[in-house]
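Please look through the structure below before reading my notes. They are numbered so that each can be checked against the model.

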Amino acid sequence: MRELLIRYRFLLLAIILLLATVILYSYNLRQKTTTTFFERSVLTLAAPFQLSIDGIVDSITDTWRNYLWLVDARQRNLALEQENLQLRSQLQQVTEVSLQNKRLRKLLAFVDDLDLPALPAQVIGEDASNWARTIIIDKGTRAGLHNGLPVVAAQGVVGRIIKIAPDSSRVLLITDASSAIAALIQRTRTRGVARGRGDNLSIEYALRDANIQEGDLLVTSGMGGVFPKGLPLALVESVKKDQFGLFQQITAMPTIDFSLLEEVMVIVGEDR
Amino acid sequence: MRGFFLILFTGMLFALLQSSVLPLFLPPNWRPNLILILILYLGLSENLSRALIAGLLLGAIQDSFCGPSLGLYVSVYLVIVLATRVLSEQLNTESPPLLLLLIVGGTLVQNLLIGFYLTVFAETAPVLHVLLPAIPQQLLTNLLFTAVLLFLLLRFQRRFGYRSGLAGLNYQSKRHGT
(Lines give C-alpha, C1' and ligand atoms only; values in the text may rest on other atoms or scores of the structure.)
Protein backbone atom coordinates (compact mmCIF):
# COMPACT_ATOMS: atom_id res chain seq x y z
CA MET A 1 0.00 0.00 0.00
CA ARG A 2 2.81 2.36 1.02
CA GLU A 3 4.73 1.50 -2.12
CA LEU A 4 1.63 2.20 -4.18
CA LEU A 5 1.23 5.58 -2.49
CA ILE A 6 4.87 6.44 -3.10
CA ARG A 7 4.74 5.35 -6.72
CA TYR A 8 1.65 7.42 -7.55
CA ARG A 9 2.36 10.32 -5.20
CA PHE A 10 2.51 12.91 -8.02
CA LEU A 11 -0.81 11.76 -9.48
CA LEU A 12 -2.45 11.62 -6.03
CA LEU A 13 -1.15 15.08 -5.12
CA ALA A 14 -2.39 16.47 -8.41
CA ILE A 15 -5.88 14.97 -7.97
CA ILE A 16 -6.17 16.11 -4.35
CA LEU A 17 -5.06 19.67 -5.18
CA LEU A 18 -7.32 19.86 -8.21
CA LEU A 19 -10.32 18.68 -6.18
CA ALA A 20 -9.47 21.16 -3.42
CA THR A 21 -9.29 24.09 -5.84
CA VAL A 22 -12.53 23.08 -7.57
CA ILE A 23 -14.25 22.85 -4.16
CA LEU A 24 -12.79 26.25 -3.20
CA TYR A 25 -14.12 27.74 -6.45
CA SER A 26 -17.56 26.13 -6.05
CA TYR A 27 -17.75 27.32 -2.45
CA ASN A 28 -16.82 30.87 -3.47
CA LEU A 29 -19.43 30.83 -6.24
CA ARG A 30 -22.10 30.59 -3.54
CA GLN A 31 -20.43 33.38 -1.57
CA LYS A 32 -20.25 35.83 -4.52
CA THR A 33 -20.83 38.92 -2.42
CA THR A 34 -18.50 37.87 0.40
CA THR A 35 -15.02 39.33 0.20
CA THR A 36 -12.53 36.83 1.58
CA PHE A 37 -9.68 37.83 3.86
CA PHE A 38 -7.19 37.10 1.05
CA GLU A 39 -9.06 39.24 -1.48
CA ARG A 40 -9.50 42.07 1.04
CA SER A 41 -5.77 41.99 1.84
CA VAL A 42 -4.75 42.03 -1.84
CA LEU A 43 -7.21 44.84 -2.65
CA THR A 44 -6.07 46.85 0.39
CA LEU A 45 -2.44 46.35 -0.56
CA ALA A 46 -3.07 47.23 -4.20
CA ALA A 47 -5.28 50.33 -3.69
CA PRO A 48 -2.47 52.82 -2.89
CA PHE A 49 -0.37 51.46 -5.78
CA GLN A 50 -3.29 51.78 -8.18
CA LEU A 51 -3.95 55.34 -7.01
CA SER A 52 -0.23 56.17 -7.44
CA ILE A 53 -0.06 54.49 -10.87
CA ASP A 54 -3.14 56.47 -11.92
CA GLY A 55 -1.43 59.71 -10.78
CA ILE A 56 1.93 58.83 -12.34
CA VAL A 57 0.36 57.87 -15.68
CA ASP A 58 -1.55 61.18 -15.70
CA SER A 59 1.63 63.19 -15.03
CA ILE A 60 3.64 61.23 -17.62
CA THR A 61 0.91 61.75 -20.21
CA ASP A 62 0.81 65.47 -19.42
CA THR A 63 4.60 65.80 -19.58
CA TRP A 64 4.76 63.84 -22.82
CA ARG A 65 2.13 66.01 -24.48
CA ASN A 66 3.74 69.20 -23.27
CA TYR A 67 7.16 68.00 -24.40
CA LEU A 68 5.88 67.20 -27.87
CA TRP A 69 4.40 70.65 -28.11
CA LEU A 70 7.72 72.09 -26.97
CA VAL A 71 9.61 70.30 -29.74
CA ASP A 72 7.07 71.59 -32.21
CA ALA A 73 7.37 75.08 -30.76
CA ARG A 74 11.15 75.10 -31.10
CA GLN A 75 10.85 74.24 -34.75
CA ARG A 76 8.67 77.26 -35.40
CA ASN A 77 9.57 80.06 -33.09
CA LEU A 78 11.10 79.40 -29.70
CA ALA A 79 10.22 82.58 -27.88
CA LEU A 80 6.69 83.05 -29.11
CA GLU A 81 5.79 79.41 -28.85
CA GLN A 82 7.11 79.25 -25.29
CA GLU A 83 4.49 81.73 -24.27
CA ASN A 84 1.95 79.99 -26.41
CA LEU A 85 2.82 76.72 -24.74
CA GLN A 86 2.23 78.10 -21.28
CA LEU A 87 -1.07 79.53 -22.36
CA ARG A 88 -2.03 76.28 -23.99
CA SER A 89 -1.03 74.36 -20.92
CA GLN A 90 -3.16 76.63 -18.77
CA LEU A 91 -5.98 76.42 -21.24
CA GLN A 92 -5.70 72.66 -21.25
CA GLN A 93 -5.89 72.59 -17.48
CA VAL A 94 -8.90 74.91 -17.55
CA THR A 95 -10.52 72.79 -20.25
CA GLU A 96 -9.81 69.64 -18.25
CA VAL A 97 -11.29 71.18 -15.09
CA SER A 98 -14.22 72.52 -17.06
CA LEU A 99 -14.83 69.11 -18.66
CA GLN A 100 -14.60 67.41 -15.29
CA ASN A 101 -16.95 70.03 -13.88
CA LYS A 102 -19.41 69.37 -16.69
CA ARG A 103 -19.21 65.61 -16.12
CA LEU A 104 -19.69 65.96 -12.38
CA ARG A 105 -22.61 68.39 -12.86
CA LYS A 106 -24.26 65.91 -15.18
CA LEU A 107 -23.62 63.15 -12.66
CA LEU A 108 -25.00 65.23 -9.80
CA ALA A 109 -28.05 66.27 -11.81
CA PHE A 110 -28.67 62.63 -12.64
CA VAL A 111 -28.41 61.60 -8.98
CA ASP A 112 -30.55 64.59 -7.93
CA ASP A 113 -33.26 63.38 -10.29
CA LEU A 114 -33.05 60.00 -8.65
CA ASP A 115 -33.57 61.61 -5.25
CA LEU A 116 -31.31 59.04 -3.61
CA PRO A 117 -28.21 59.66 -1.47
CA ALA A 118 -25.09 58.92 -3.51
CA LEU A 119 -21.34 59.03 -3.12
CA PRO A 120 -18.96 60.07 -5.93
CA ALA A 121 -16.02 57.80 -6.73
CA GLN A 122 -13.21 57.66 -9.24
CA VAL A 123 -12.35 54.70 -11.47
CA ILE A 124 -8.79 53.59 -10.63
CA GLY A 125 -8.48 50.23 -12.35
CA GLU A 126 -10.01 47.67 -14.67
CA ASP A 127 -10.28 43.91 -14.75
CA ALA A 128 -7.01 41.99 -15.12
CA SER A 129 -8.57 39.50 -17.56
CA ASN A 130 -10.02 39.91 -21.04
CA TRP A 131 -13.25 38.02 -20.39
CA ALA A 132 -14.57 39.56 -17.15
CA ARG A 133 -15.90 43.11 -17.09
CA THR A 134 -15.22 44.76 -13.74
CA ILE A 135 -13.73 48.08 -12.62
CA ILE A 136 -12.10 49.23 -9.38
CA ILE A 137 -13.23 52.45 -7.70
CA ASP A 138 -11.42 54.45 -5.02
CA LYS A 139 -14.04 54.17 -2.25
CA GLY A 140 -14.59 51.27 0.14
CA THR A 141 -15.88 50.36 3.59
CA ARG A 142 -14.20 53.43 5.10
CA ALA A 143 -16.54 55.60 3.01
CA GLY A 144 -19.53 53.57 4.17
CA LEU A 145 -19.92 51.34 1.13
CA HIS A 146 -20.85 47.67 1.21
CA ASN A 147 -21.40 44.79 -1.20
CA GLY A 148 -24.38 44.95 -3.53
CA LEU A 149 -24.67 48.74 -3.79
CA PRO A 150 -25.64 50.00 -7.26
CA VAL A 151 -23.19 52.18 -9.19
CA VAL A 152 -24.35 54.68 -11.82
CA ALA A 153 -22.97 57.35 -14.15
CA ALA A 154 -24.67 60.29 -15.84
CA GLN A 155 -25.60 58.16 -18.86
CA GLY A 156 -27.07 55.27 -16.89
CA VAL A 157 -26.32 52.12 -14.91
CA VAL A 158 -22.69 51.05 -14.47
CA GLY A 159 -23.07 47.94 -12.29
CA ARG A 160 -22.96 46.88 -8.65
CA ILE A 161 -20.29 46.41 -6.00
CA ILE A 162 -19.22 42.78 -5.60
CA LYS A 163 -15.96 43.00 -3.62
CA ILE A 164 -14.99 45.54 -1.07
CA ALA A 165 -11.86 46.63 0.82
CA PRO A 166 -11.34 49.62 3.17
CA ASP A 167 -10.29 52.03 0.39
CA SER A 168 -11.39 50.40 -2.85
CA SER A 169 -14.21 48.34 -4.31
CA ARG A 170 -14.69 46.11 -7.32
CA VAL A 171 -17.76 46.83 -9.45
CA LEU A 172 -19.33 44.16 -11.69
CA LEU A 173 -20.30 45.96 -14.92
CA ILE A 174 -23.64 45.31 -16.59
CA THR A 175 -21.76 43.94 -19.61
CA ASP A 176 -20.12 41.10 -17.63
CA ALA A 177 -21.40 37.66 -18.62
CA SER A 178 -22.43 36.90 -15.02
CA SER A 179 -24.53 40.08 -14.76
CA ALA A 180 -28.30 39.81 -15.24
CA ILE A 181 -30.64 42.75 -14.51
CA ALA A 182 -34.43 42.86 -14.55
CA ALA A 183 -35.25 45.40 -17.24
CA LEU A 184 -38.07 46.82 -19.33
CA ILE A 185 -38.44 48.61 -22.64
CA GLN A 186 -39.35 52.18 -21.72
CA ARG A 187 -41.75 52.76 -24.65
CA THR A 188 -43.81 49.57 -24.44
CA ARG A 189 -43.09 48.46 -20.83
CA THR A 190 -42.13 45.00 -22.12
CA ARG A 191 -40.21 43.08 -19.46
CA GLY A 192 -37.03 41.10 -19.92
CA VAL A 193 -33.67 40.25 -18.39
CA ALA A 194 -30.61 42.20 -19.58
CA ARG A 195 -27.62 39.86 -19.59
CA GLY A 196 -24.04 40.96 -20.27
CA ARG A 197 -22.20 39.75 -23.36
CA GLY A 198 -18.85 41.49 -23.00
CA ASP A 199 -19.41 44.57 -25.13
CA ASN A 200 -23.19 44.61 -25.35
CA LEU A 201 -26.28 43.13 -23.68
CA SER A 202 -28.79 40.49 -24.74
CA ILE A 203 -32.40 40.90 -23.67
CA GLU A 204 -33.77 37.55 -22.64
CA TYR A 205 -37.37 36.46 -22.08
CA ALA A 206 -38.92 39.30 -24.11
CA LEU A 207 -42.12 37.77 -25.51
CA ARG A 208 -42.34 37.20 -29.25
CA ASP A 209 -45.51 39.31 -29.66
CA ALA A 210 -44.08 42.33 -27.82
CA ASN A 211 -43.53 45.43 -29.93
CA ILE A 212 -39.80 46.20 -29.69
CA GLN A 213 -37.90 48.30 -32.21
CA GLU A 214 -34.31 49.29 -32.84
CA GLY A 215 -33.41 52.40 -30.84
CA ASP A 216 -35.85 51.66 -27.98
CA LEU A 217 -34.48 52.59 -24.57
CA LEU A 218 -34.05 49.81 -22.04
CA VAL A 219 -34.40 50.82 -18.38
CA THR A 220 -34.16 49.02 -15.03
CA SER A 221 -37.46 47.58 -13.84
CA GLY A 222 -36.60 47.80 -10.15
CA MET A 223 -37.64 44.14 -9.71
CA GLY A 224 -34.30 42.73 -8.61
CA GLY A 225 -34.13 44.99 -5.55
CA VAL A 226 -30.63 46.22 -6.39
CA PHE A 227 -31.23 49.03 -8.91
CA PRO A 228 -33.89 51.73 -8.54
CA LYS A 229 -36.60 51.69 -11.20
CA GLY A 230 -36.22 53.64 -14.45
CA LEU A 231 -32.43 53.98 -14.79
CA PRO A 232 -31.21 53.90 -18.42
CA LEU A 233 -29.41 50.67 -19.31
CA ALA A 234 -29.04 50.36 -23.07
CA LEU A 235 -30.46 51.12 -26.51
CA VAL A 236 -31.90 48.26 -28.56
CA GLU A 237 -29.49 47.45 -31.37
CA SER A 238 -31.13 44.54 -33.16
CA VAL A 239 -34.36 42.55 -32.93
CA LYS A 240 -34.70 39.07 -34.40
CA LYS A 241 -37.76 36.84 -34.37
CA ASP A 242 -37.27 33.19 -35.26
CA GLN A 243 -39.99 31.26 -37.05
CA PHE A 244 -40.66 29.33 -33.85
CA GLY A 245 -39.99 30.03 -30.21
CA LEU A 246 -41.61 32.00 -27.42
CA PHE A 247 -39.10 34.85 -27.20
CA GLN A 248 -37.38 37.39 -29.42
CA GLN A 249 -33.61 37.62 -29.75
CA ILE A 250 -32.59 41.15 -28.87
CA THR A 251 -29.20 42.79 -28.45
CA ALA A 252 -28.69 46.22 -26.94
CA MET A 253 -25.76 48.61 -26.67
CA PRO A 254 -25.14 50.09 -23.18
CA THR A 255 -25.80 53.82 -22.87
CA ILE A 256 -22.36 54.15 -21.25
CA ASP A 257 -19.04 53.81 -23.03
CA PHE A 258 -17.16 51.94 -20.29
CA SER A 259 -13.76 52.56 -21.86
CA LEU A 260 -14.22 56.30 -21.19
CA LEU A 261 -15.64 56.00 -17.69
CA GLU A 262 -13.80 58.18 -15.14
CA GLU A 263 -16.23 59.17 -12.39
CA VAL A 264 -19.19 57.24 -11.01
CA MET A 265 -21.78 57.60 -8.26
CA VAL A 266 -22.50 54.86 -5.75
CA ILE A 267 -26.12 54.92 -4.59
CA VAL A 268 -25.71 54.37 -0.89
CA GLY A 269 -29.26 54.18 0.41
CA GLU A 270 -33.00 54.17 -0.03
CA ASP A 271 -35.11 57.31 -0.62
CA ARG A 272 -33.91 60.54 1.05
CA MET B 1 13.34 32.19 -0.27
CA ARG B 2 14.37 35.55 -1.75
CA GLY B 3 13.70 34.20 -5.22
CA PHE B 4 10.26 33.01 -4.14
CA PHE B 5 9.28 36.44 -2.83
CA LEU B 6 10.67 37.97 -6.01
CA ILE B 7 8.28 35.75 -7.97
CA LEU B 8 5.30 36.85 -5.83
CA PHE B 9 6.36 40.48 -6.09
CA THR B 10 6.61 40.13 -9.89
CA GLY B 11 3.15 38.52 -9.92
CA MET B 12 1.68 41.41 -7.93
CA LEU B 13 3.41 43.91 -10.23
CA PHE B 14 2.02 42.13 -13.29
CA ALA B 15 -1.50 42.14 -11.76
CA LEU B 16 -1.24 45.89 -11.13
CA LEU B 17 0.03 46.45 -14.68
CA GLN B 18 -2.84 44.40 -16.08
CA SER B 19 -5.50 46.24 -14.09
CA SER B 20 -4.21 49.82 -13.97
CA VAL B 21 -1.72 50.53 -16.77
CA LEU B 22 -2.45 48.30 -19.77
CA PRO B 23 -6.20 49.21 -19.88
CA LEU B 24 -5.12 52.80 -20.62
CA PHE B 25 -3.47 51.76 -23.87
CA LEU B 26 -4.97 48.44 -24.95
CA PRO B 27 -8.56 47.21 -25.46
CA PRO B 28 -9.53 44.12 -23.38
CA ASN B 29 -8.87 41.50 -26.08
CA TRP B 30 -5.38 42.85 -26.79
CA ARG B 31 -4.21 42.86 -23.17
CA PRO B 32 -1.67 40.11 -22.45
CA ASN B 33 -1.97 37.77 -19.49
CA LEU B 34 1.42 38.45 -17.93
CA ILE B 35 0.76 36.17 -14.95
CA LEU B 36 0.19 33.21 -17.30
CA ILE B 37 3.63 33.85 -18.79
CA LEU B 38 5.09 33.85 -15.28
CA ILE B 39 3.28 30.59 -14.44
CA LEU B 40 4.68 28.84 -17.52
CA TYR B 41 8.15 30.15 -16.73
CA LEU B 42 7.84 28.74 -13.19
CA GLY B 43 6.61 25.40 -14.50
CA LEU B 44 9.66 25.16 -16.74
CA SER B 45 12.34 26.34 -14.39
CA GLU B 46 11.38 25.72 -10.75
CA ASN B 47 10.99 22.57 -8.71
CA LEU B 48 7.54 21.05 -8.29
CA SER B 49 6.64 22.22 -4.78
CA ARG B 50 7.88 25.78 -5.36
CA ALA B 51 6.11 26.00 -8.73
CA LEU B 52 2.88 24.61 -7.20
CA ILE B 53 2.81 26.98 -4.22
CA ALA B 54 3.72 29.99 -6.36
CA GLY B 55 1.16 28.92 -8.97
CA LEU B 56 -1.63 28.69 -6.39
CA LEU B 57 -0.74 32.05 -4.82
CA LEU B 58 -0.43 33.78 -8.20
CA GLY B 59 -3.82 32.32 -9.15
CA ALA B 60 -5.33 33.76 -5.96
CA ILE B 61 -3.75 37.15 -6.70
CA GLN B 62 -5.19 37.13 -10.23
CA ASP B 63 -8.59 36.09 -8.83
CA SER B 64 -8.46 39.13 -6.54
CA PHE B 65 -7.97 41.38 -9.55
CA CYS B 66 -10.58 39.93 -11.89
CA GLY B 67 -13.98 38.33 -12.08
CA PRO B 68 -16.37 37.75 -9.20
CA SER B 69 -15.13 34.52 -7.55
CA LEU B 70 -11.93 33.45 -5.80
CA GLY B 71 -10.71 30.03 -6.92
CA LEU B 72 -11.13 30.15 -10.70
CA TYR B 73 -7.56 31.09 -11.61
CA VAL B 74 -6.21 29.09 -8.61
CA SER B 75 -7.60 25.95 -10.21
CA VAL B 76 -6.73 26.90 -13.80
CA TYR B 77 -3.10 27.71 -12.91
CA LEU B 78 -2.77 24.51 -10.88
CA VAL B 79 -3.66 22.49 -13.97
CA ILE B 80 -1.28 24.56 -16.12
CA VAL B 81 1.62 24.19 -13.65
CA LEU B 82 1.10 20.42 -13.40
CA ALA B 83 0.80 20.03 -17.17
CA THR B 84 3.93 22.12 -17.72
CA ARG B 85 5.83 19.99 -15.18
CA VAL B 86 4.79 16.77 -16.90
CA LEU B 87 5.74 18.24 -20.30
CA SER B 88 9.00 19.76 -19.08
CA GLU B 89 10.34 16.28 -18.30
CA GLN B 90 9.97 15.37 -21.98
CA LEU B 91 11.33 18.61 -23.46
CA ASN B 92 14.54 20.55 -23.63
CA THR B 93 13.65 23.15 -21.02
CA GLU B 94 16.89 25.05 -21.52
CA SER B 95 15.66 26.35 -24.85
CA PRO B 96 14.18 29.86 -24.47
CA PRO B 97 11.94 29.59 -27.59
CA LEU B 98 10.19 26.68 -25.86
CA LEU B 99 8.45 29.23 -23.66
CA LEU B 100 7.00 30.81 -26.81
CA LEU B 101 5.63 27.46 -27.90
CA LEU B 102 4.24 26.75 -24.44
CA ILE B 103 2.54 30.14 -24.30
CA VAL B 104 0.43 29.11 -27.31
CA GLY B 105 -0.63 25.91 -25.53
CA GLY B 106 -1.01 27.71 -22.19
CA THR B 107 -3.29 30.40 -23.66
CA LEU B 108 -5.50 27.79 -25.31
CA VAL B 109 -5.68 25.59 -22.19
CA GLN B 110 -6.40 28.61 -20.00
CA ASN B 111 -9.29 29.79 -22.20
CA LEU B 112 -10.63 26.24 -22.45
CA LEU B 113 -10.58 25.75 -18.67
CA ILE B 114 -12.06 29.18 -17.91
CA GLY B 115 -14.83 28.52 -20.43
CA PHE B 116 -15.44 25.09 -18.89
CA TYR B 117 -15.52 26.32 -15.28
CA LEU B 118 -17.70 29.34 -16.02
CA THR B 119 -20.14 27.31 -18.10
CA VAL B 120 -20.37 24.24 -15.89
CA PHE B 121 -19.98 25.67 -12.38
CA ALA B 122 -21.08 29.31 -12.66
CA GLU B 123 -23.63 28.79 -15.46
CA THR B 124 -22.49 31.90 -17.28
CA ALA B 125 -22.49 30.44 -20.77
CA PRO B 126 -22.60 33.91 -22.45
CA VAL B 127 -18.95 34.26 -21.40
CA LEU B 128 -18.12 32.02 -24.38
CA HIS B 129 -19.22 34.89 -26.66
CA VAL B 130 -16.46 36.94 -25.05
CA LEU B 131 -13.79 34.25 -24.67
CA LEU B 132 -13.80 32.45 -28.01
CA PRO B 133 -13.55 35.39 -30.45
CA ALA B 134 -10.73 36.86 -28.34
CA ILE B 135 -8.44 33.82 -28.57
CA PRO B 136 -6.50 34.88 -31.75
CA GLN B 137 -5.80 38.35 -30.31
CA GLN B 138 -4.84 36.80 -26.96
CA LEU B 139 -2.42 34.41 -28.67
CA LEU B 140 -0.74 37.19 -30.62
CA THR B 141 -0.44 39.60 -27.73
CA ASN B 142 0.76 36.90 -25.30
CA LEU B 143 3.40 35.80 -27.82
CA LEU B 144 4.58 39.34 -28.38
CA PHE B 145 4.84 40.16 -24.68
CA THR B 146 6.53 36.79 -23.96
CA ALA B 147 9.15 37.56 -26.59
CA VAL B 148 9.80 40.96 -25.00
CA LEU B 149 9.89 39.55 -21.45
CA LEU B 150 12.13 36.68 -22.55
CA PHE B 151 14.57 39.12 -24.08
CA LEU B 152 14.60 41.20 -20.87
CA LEU B 153 14.80 38.12 -18.63
CA LEU B 154 17.81 36.65 -20.42
CA ARG B 155 19.64 39.98 -20.12
CA PHE B 156 18.59 40.41 -16.48
CA GLN B 157 19.56 36.83 -15.68
CA ARG B 158 23.15 37.25 -16.88
CA ARG B 159 23.57 40.22 -14.56
CA PHE B 160 21.61 39.37 -11.44
CA GLY B 161 20.18 35.85 -11.93
CA TYR B 162 22.44 33.97 -9.56
CA ARG B 163 22.45 36.57 -6.82
CA SER B 164 18.66 37.11 -6.82
CA GLY B 165 18.02 33.36 -6.57
CA LEU B 166 15.90 33.62 -9.71
CA ALA B 167 15.88 30.53 -11.88
CA GLY B 168 16.10 30.85 -15.61
CA LEU B 169 15.71 28.97 -18.81
CA ASN B 170 19.41 28.74 -19.57
CA TYR B 171 20.39 28.33 -15.94
CA GLN B 172 17.65 26.46 -14.13
CA SER B 173 17.05 26.50 -10.40
CA LYS B 174 19.37 24.08 -8.64
CA ARG B 175 16.22 22.45 -7.29
CA HIS B 176 14.69 21.84 -10.75
CA GLY B 177 13.57 18.25 -11.20
CA THR B 178 13.50 17.50 -7.47
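1. β4(A) and β5(A) form a hairpin, with four residues between them. Helices (H or I, at least four residues) and strands (E, at least two) are DSSP runs, numbered from the N terminus. Strand β4 covers residues 156–164 of chain A and is joined to β5(A) by five bridges, the two running antiparallel. Two strands count as paired if DSSP finds at least two bridges between them. A:I161 stands opposite A:V171 in β5(A).

2. The model is predicted: local features need pLDDT of at least 70, side-chain atom pairs count only at pLDDT 80 or more, and totals for chains, interfaces and linings use all residues. Residues are numbered from 1 along each chain as its sequence is written, and chains are lettered from A and ligands numbered from 1 in the order in which they are written.

3. β5(A) also pairs with β2(A), in the antiparallel sense, over four bridges. There A:I137 has A:S169 in β5(A) as its bridge partner. How many of the five residues of strand β5 are buried? Five of the five are, so the strand (residues 169–173) is largely enclosed by the rest of the structure. A residue is buried if 20 or more other C-beta atoms lie within 10 Å of its own, exposed if 12 or fewer, and partly exposed in between, with C-beta atoms placed from the backbone. A:S169, A:V171 and A:L173 point one way from β5(A), while A:R170 and A:L172 point the other way.

4. Chain A also has a closed barrel of six strands, in the order β6-β7-β8-β11-β10-β9, with antiparallel pairing. Neighbouring strands of this sheet are turned by 40° against each other on average, direction ignored. Strands β6 (residues 180–185) and β9 (residues 217–220) of chain A pair over three bridges in the antiparallel sense. A:I185 stands opposite A:L218 in β9(A).

5. Two loop residues of chain A deserve a check of their backbone angles. Most residues other than glycine have a negative phi. A:R189 has a positive phi near 65°; its place is the loop between β6 and β7 of chain A. With 10 C-beta neighbours inside 10 Å, A:R189 counts as exposed. A:Y205 has a positive phi of about 65° and is not a glycine. A:Y205 lies in the loop between β8 (201–204) and β9 of chain A, and counts as partly exposed because it has 13 C-beta neighbours inside 10 Å.

6. Chain B has six helices and zero strands. Of its 178 residues, 47% are buried. α5(B) has 24 residues and reaches 35 Å from its first C-alpha to its last, close to the 34 Å expected at 1.5 Å a residue; the expected span is 1.5 Å times one less than the number of residues. Its buried residues include B:L99, B:I103 and B:L118.

7. Which residues of α4(B) meet α5(B)? They are B:L72, B:S75, B:V76, B:V79, B:I80, B:A83 and B:T84. Among their partners in α5(B) are B:G106 and B:Q110, which are also buried.

8. Finally, the interface: 42 residues of chain A are in contact with 40 residues of chain B. Two residues are in contact if their C-beta atoms, placed from the backbone, lie within 7 Å. Among the elements of chain A that each supply at least two residues to this side are α2 (9–30), α3 (37–76) and β7 (191–196).

Methods: Axes are lines fitted to C-alpha atoms, for helices over the stretch in contact, and angles run from 0 to 180 degrees between N-to-C directions.
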